[in-house]
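Welcome! Take a moment to look over the sequence and turn the model around. Then let us walk through it together.

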Amino acid sequence: MSVNREIIDSSKNIIRSLFLVDDEDAIRESCKILLENRKYNVVQFKSGKIFLEYFSKKKNADLVILDVNLTGISGIDVLREIRKENKNIPVLLISGDYNFQKSAYAEYQPLYFFNKPFMINDLIEMIKKIEIRFNN
């Protein structure tokens with residue numbers, strides 16, 4: 001897949017801060033490093049419980065990247081709690097389950113989906129697409 005460099009130009013970030021919730025250390029750590037290299041401010045969480053404790057006090061991110069299959073509190077349960085607190089923050093659900101029923105979560109808009117595994121440039125491109133939708 002060729003990547004359009006204009007799309008991933010980090011100097012034009014509208015989304016500047018994001019919460020990253022994933023219980024897989026390797027994914028969470030590598031995404032944090034690579035996103036920060038592109039000038040995003042990333043706060044990471046290894047569980048839905050830890051994230052929700054933080055989110056209840058600090059709701060000031062531009063985007064939440066949320067794994068669907070978290071251990072403990074599921075990503076879907078976390079999403080429901082996010083929507084109780086903030087109906088407008090965009091959420092990007094990530095999942096390695098290709099049979100995930102996206103249509104079942106239409107009520108939780110603005111909501112986006114992305115499959116694991118992914119290349120970081122593809123994730124950045126998806127973030128830029130979300131930015132475009134919120135900027136229009």
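## Some ground rules

A residue is called buried when its relative accessible area is under 20%, exposed when it is over 50%, and partly exposed in between, using a 1.4 Å probe and protein chains only. You are looking at a predicted model, in which local features need pLDDT of at least 70 and side-chain atom pairs count only at pLDDT 80 or more, while totals for chains, interfaces and linings use all residues. Residues are numbered from 1 along each chain as its sequence is written, and side-chain values use heavy atoms, with hydrogens and water left out.

## The overall fold

The protein chain contains four helices and five strands. Here helices (H or I, at least four residues) and strands (E, at least two) are DSSP runs, numbered from the N terminus. Reading from the N terminus, the order is β-α-β-α-β-α-β-β-α.

Of the 136 residues in the protein chain, 46% are buried. A contact means heavy atoms within 4.5 Å. Among contacts in the protein chain with a separation of 6 or more, 65% join residues 24 or more positions apart.

## Rings that meet

A pair of aromatic rings is described by the distance of the centres and the angle of the planes. Rings of Phe, Tyr and Trp (its six-membered ring) pair if their centres lie within 6.5 Å; planes under 30 degrees apart are stacked, over 60 edge-to-face, and the rest tilted. The whole structure holds eight aromatic pairs. In one of them, F19 and F45 have ring centres 5.8 Å apart and planes at 80 degrees, so this pair is edge-to-face. This pair links distant parts of the chain, with F19 in strand 1 and F45 in strand 2 (residues 41–45), 26 residues apart. Both F19 and F45 are buried.

How are the rings of F45 and Y54 arranged? Their centres are 5.1 Å apart and their planes are at 55 degrees, so the pair is tilted. F45 has a relative accessible area of 5%, whereas Y54 is partly exposed at 28%. Ring pairs join F19, F45, F51, Y54 and F55 into a cluster.

## A buried aspartate

Where does D23 sit? D23 lies in the loop between strand 1 (17–21) and helix 1 (25–37). Leaving aside neighbours within four places in sequence, D23 is in contact with R28, K46, D67, N69, L70 and T71. A polar atom of the D23 side chain lies 2.8 Å from the backbone nitrogen of T71.

Methods:
A polar contact is a pair of N or O atoms within 3.5 Å; within protein, one must be able to donate a hydrogen and the other to accept it, and residues adjacent in sequence count only if both atoms are side-chain atoms.
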